[in-house]
Amino acid sequence: MKRFGARLFAQGLRVAGVAAALMLSVSATYAQSGPFAGFNGAWSGNGTVALSDGTTERIRCKADYKVDGSGLGLKQNLRCASDSYKFDLTSDVTSQGDRISGRWSEASRNIFGDLQGTAGGGQIDVFVEANGFAANLSLKTNGNKQTVQINSKGEIRGVTITMVKS
């Protein structure tokens, strides 16, 4: 009789464990729904930066994304450096449907401005502008891999970065 009771107790624990795991995965899926799903967390990688003088350099980058509890807000910090160049880009965006808008800044050059665009399906496409500067920024996330592309007509002509989630 004791063995039967112990087996029943062990089986009950397994069922409770499976139920808890299912509830956590449903909660995690809900928290990661919305236009910024898949972005939350720390990322790092490298890429290239093309400068206005025609030179290109390899860069190393780290990014941190924080998706708010509703899944409709995102804070980003992207820091990149090469041997002779660096930038520190932050943004704070909110979404209404697939449309997003917000503010951005680049600390090392003390510039800031507005952004607007679209987000969803693991992709963010925005147009950023400030006094004397404009660029297109695209972020694509697929699982633990992310690509970032920046195109402008300023000092930085183009940036291509590939990162993985830490």
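Visitor: How many aromatic pairs does the count come to?
Guide: Some ground rules come before that. This is a predicted model, where local features need pLDDT of at least 70 and side-chain atom pairs count only at pLDDT 80 or more, while totals for chains, interfaces and linings use all residues. Residues are numbered from 1 along each chain as its sequence is written, and side-chain values use heavy atoms, leaving out hydrogens and water. Now, a pair of aromatic rings is described by the distance of the centres and the angle of the planes. Rings of Phe, Tyr and Trp (its six-membered ring) pair if their centres lie within 6.5 Å; planes under 30 degrees apart are stacked, over 60 edge-to-face, and the rest tilted. By this rule, the count is three aromatic pairs. One of them is Phe-39 with Tyr-65, edge-to-face at 5.7 Å centre to centre, with 65° between the planes.

Visitor: Which parts does the pair of Phe-39 and Tyr-65 tie together?
Guide: Phe-39 sits in the loop between α1 (2–31) and β1 (41–51), and Tyr-65 in strand β2 (residues 56–67), so the pair joins parts 26 residues apart in sequence. Helices (H or I, at least four residues) and strands (E, at least two) are DSSP runs, numbered from the N terminus.

Visitor: Is Phe-39 buried or exposed?
Guide: Buried means under 20% relative accessible area, exposed over 50%, and partly exposed in between (1.4 Å probe, protein chains only). Phe-39 is buried, at 0%, and Tyr-65 is buried too, at 1%. Tyr-65 also forms an edge-to-face pair with Trp-43: 6.5 Å centre to centre, 85° between the planes. Trp-43 lies in strand β1 and Tyr-65 in strand β2, so this pair ties together parts 22 residues apart in sequence. Ring pairs link Phe-39, Trp-43 and Tyr-65 into a cluster.

Visitor: What is Glu-106 in contact with, leaving aside its neighbours within four places in sequence?
Guide: Contact means heavy atoms within 4.5 Å. With those neighbours set aside, Glu-106 touches Phe-87, Asp-88 and Ile-111. You'll find Glu-106 in strand β5 (residues 99–106), and at 6% relative accessibility it counts as buried.

Visitor: How far apart in space are Glu-106 and Arg-79?
Guide: Go from C-alpha to C-alpha here: Glu-106 and Arg-79 are 9.5 Å apart in space, and 27 residues apart in sequence.
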